Amino acid sequence: MKFIADTPTVIYSTMSVLKNTIATDGLDSAAIVINLKDRYNNPITNKQVIIQSLRGTTVDTLTNNGILITNNDGACTAFISSLTAGAAQIKIIRPLELVDSFVTVTFTPTSVYDTNSTISANPTELTADSASISTIRITLKDTNNNLIPNIFVKLASNRGDSDFIMYANGRNDGDTTNAQGEVIAYLKSALAGTATIYVVEPTGLNKAIEIKFNYSAIDKFKVELFSVLTNENEIIKNTFIVGSDTAIIRVKALDRFDNIVENYNSSAQLSITGAESISPALINADSFVNGVYTGLVNIQINRILTNFSVIAANGAQYGVITGLNANDNEPPIISEARLIAQSSILNNVLSQSDNFVQLTAKIIDNSNSLTNSLIKANLSQLTGNDNDTRVSAASYDNNTNIALWNVNLKQLTDGQTLNYAIIASDAAGNTTQYTASVSVISAIVSGLTDTYLANNDLTINSDDANMSITIPKGSIKDYNGNIIFVVKKNNIDAYTRNLIETANDKHAANNSAEFSKIRDCYYEINVYNIVGNSLEYIGDNFLKPSKTATIKIKYPNTLNDVYAQNLTIMRLNEAQAEWSTNGIMDRNINTATNEVSVNVTRLSIYGLGFTSYNDLSSVIVYPNPWTPYTPTSDKNINDLEYGVKFSGLPNNCKISIFTISGELVRELNNGLNPSINWNLLNAKGKQIASGVYIYLIEGNGQKKSGKIAIVR
């Protein structure tokens with residue numbers, strides 16, 4: 001006999017959901033389990049069950065469209081999924097006994113999807129007055145266009161704190177989306193221009209909107225003065241010199257929130273208080289470009305002022321820059337002084353013939369107020385008259401800035417050094433003084449005849465015996481009269497000495513600090529031909545073709561031996577104020593006498609310097625051979641003076657040392673140093689044995705090799 005179950009009853013039948021929160025991705029699903037039992041708690045098998053979502057089949061998807069058959073346990077299972085967020089109520093519609101049974105499944109949105117999310121603003125154009133407001137609305141949606149609540153949103157402006165953002169929750173640091181997936185914010189600003197409002201959080205949401213803030217009506221001008229005004233540099237000018245001075249003026253038409261009124265189309269009147277005048281006095285309307293005028297103004301000031309103002313005005317609108325001052329703190333600059341004698345020897349005089357000189361001075365005047373009466377010279381040593389301590393210039397040319405004195409010299413004696421001074425005072429009372437000296441010279445070598453020069457070498461030594469010039473016999477051209485050689489060191493004129501110091505600074509910047517030891521080793525050498533009272537300067541052209549003179553200069557004992565090997569004699573290029581090795585030939589270093597010698601074709605200003613090596617032709621390797629008795633052998637093995645030196649190197653040379661059989665012993669690199677030493681150790685730090693070694697120098701695309709003998 002077979003017993004079958006009765007009809008389902010709500011007492012024992014159940015309907016449940018195993019997971020009631022599901023993502024709206026169409027993949028995640030909730031399992032709905034139904035158990036049918038009769039009033040005696042018996043399972044009802046093979047019974048059709050129909051369920052449905054009250055949101056409909058177009059919104060929610062059920063397994064087999066919700067048509068189920070119970071199994072032997074009276075159970076059946078369906079799965080529900082959806083792409084639409086919200087709560088879905090699933091009810092049993094058959095068997096009829098259970099039609100009131102239901103469960104609820106909540107579908108939640110997925111992550112924020114940039115394409116479906118939106119940002120909007122109303123209005124998108126408003127006035128920059130810190131009062132007008134634009135309402136910004138952010139709506140967040142997922143990939144299936146579901147609104148996403150409870151997501152934190154924060155906005156920012158590309159203009160930073162210039163724009164003020166307030167959220168509907170009353171805070172200024174962000175808000176969470178409401179049930180409609182929205183955050184509402186309010187934007188206002190006092191800064192004209194276009195603000196880009198973008199989403200900072202949630203990250204990955206690339207949403208932005210542009211909102212334009214318009215300037216309001218003109219309220220004032222802003223006046224600025226500059227000495228330099230470029231896109232890269234703005235140097236403010238607030239100090240002016242007495243007299244006529246210029247500045248770059250910038251006048252901005254601004255509203256009450258300091259925004260530039262770009263459509264300003266009226267004029268502006270320029271005026272000045274406390275000073276004399278400003279020109280131009282009127283800025284025309286068409287001179288303003290996008291609300292800004294930039295131009296050059298001239299300000300006339302006739303006295304020292306601690307305060308004056310520049311004003312731009314047009315009716316009720318005005319702008320002023322004050323705190324300006326006028327001074328003349330800089331004294332006139334006497335840039336050079338030159339003395340021209342009858343003999344035409346610049347800045348020197350001949351004891352035999354000169355009794356009249358012209359003294360000139362070039363003066364830079366800040367106030368443009370100099371006159372010849374304000375420029376004086378102390379000429380008492382030149383004239384021998386104590387009353388000539390403050391002699392006004394005979395003339396002063398404001399165009400060339402040259403002052404001139406005509407001076408009758410006192411009786412001269414060979415070897416004298418006569419001092420003079422130039423004093424200039426401007427209208428503001430600023431004074432400067434320039435001192436110089438003139439040397440009284442005679443022929444150091446005179447009366448040289450062709451016969452003498454044809455049969456004897458000529459050597460001329462400087463007073464300090466540290467420099468000499470040797471001219472081979474028969475090398476000087478044929479001249480009538482006497483040839484004189486003038487060698488100067490301590491009495492070189494100030495103008496030329498300034499050129500030398502400038503050249504020294506340039507050379508020191510590109511050479512070793514050792515240059516300080518030879519910085520003062522320079523001499524001025526000139527050659528003159530004198531016939532009667534007429535003197536001709538022949539320094540550039542006194543030698544016969546293909547003939548040279550030898551110049552020797554001693555260097556100090558304190559100079560490092562390595563750097564001494566890099567010494568040369570250089571000629572002063574006066575036009576460029578720099579030392580040059582053009583025309584320098586046959587350089588030779590004598591370390592026994594501490595002398596450098598070169599051959600030259602002209603006489604000028606020569607001094608010691610270091611060579612700039614660009615190839616391997618000047619490389620010197622010493623001592624070679626190396627023995628325990630060489631000067632470097634008594635040094636410590638770690639001392640830079642110990643071992644074999646490689647001198648005259650270009651930058652970044654690779655030096656490889658091999659045995660005579662070709663085995664690599666050591667590699668060196670000099671980097672940026674012109675010299676490097678090998679301390680006679682191999683690559684493992686062991687002392688090498690006596691023998692002959694091969695060196696290979698590679699640098700600047702060149703190679704040079706040689707042998708080194710080591711005798712222990």
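N46 sits in the loop between β3 (30-35) and β4 (48-53), with strands and helices taken as DSSP runs numbered from the N terminus (E, at least two residues, for strands; H or I, at least four, for helices). This is a predicted model, where local features need pLDDT of at least 70, side-chain atom pairs count only at pLDDT 80 or more, and totals for chains, interfaces and linings use all residues. Residues are numbered from 1 along each chain as its sequence is written, and side-chain values use heavy atoms, leaving out hydrogens and water.

You'll find S130 in the loop between β11 (125-127) and β12. Most residues other than glycine have a negative phi, and most peptide bonds are trans.

On the peptide-bond side, R94 and P95 are joined by a cis bond with omega at about 0 degrees. P95 belongs to the loop between β8 (86-94) and β9 (102-108). Another cis bond links E201 and P202, with omega again about 0 degrees, and P202 lies in the loop between β17 (193-201) and β18 (208-214).

| Residue | Relative accessibility | Class |
|---|---|---|
| N46 | 65% | exposed |
| S130 | 36% | partly exposed |
| D286 | 66% | exposed |
| F485 | 0% | buried |

F485 is part of strand β40 (residues 482-488). Its C-alpha is 6.5 Å from that of Y528, a residue 43 positions away along the chain.

**The whole chain**

Zooming out, the protein has 4 helices and 55 strands. Its radius of gyration is 49 Å, well over the 27 Å that the globule rule gives for 712 residues, so the protein is more spread out than a compact globule. That radius is taken over C-alpha atoms, and the rule is 2.2 Å times the number of residues to the power 0.38. Along the principal axes, the C-alpha atoms fill a box of roughly 160 × 95 × 40 Å.

Of the 712 residues, 43% count as buried. Take the contacts (heavy atoms within 4.5 Å) between residues at least 6 apart in sequence: 63% of them join residues at least 24 apart.

The average pLDDT (the predictor's confidence in each residue, from 0 to 100) is 86 for the protein, and 92% of the residues score at least 70. Among the elements, strand β12 (residues 134-139) has the highest mean, 96, while helix α2 (residues 450-455) has the lowest, 51. Over residues 443-452 the pLDDT is below 50, yet this stretch has 22 contacts in the model beyond near neighbours in sequence. Where pLDDT is low, the predicted coordinates should not be read in detail.

Terms used: Buried means under 20% relative accessible area, exposed over 50%, partly exposed in between (1.4 Å probe, protein chains only).
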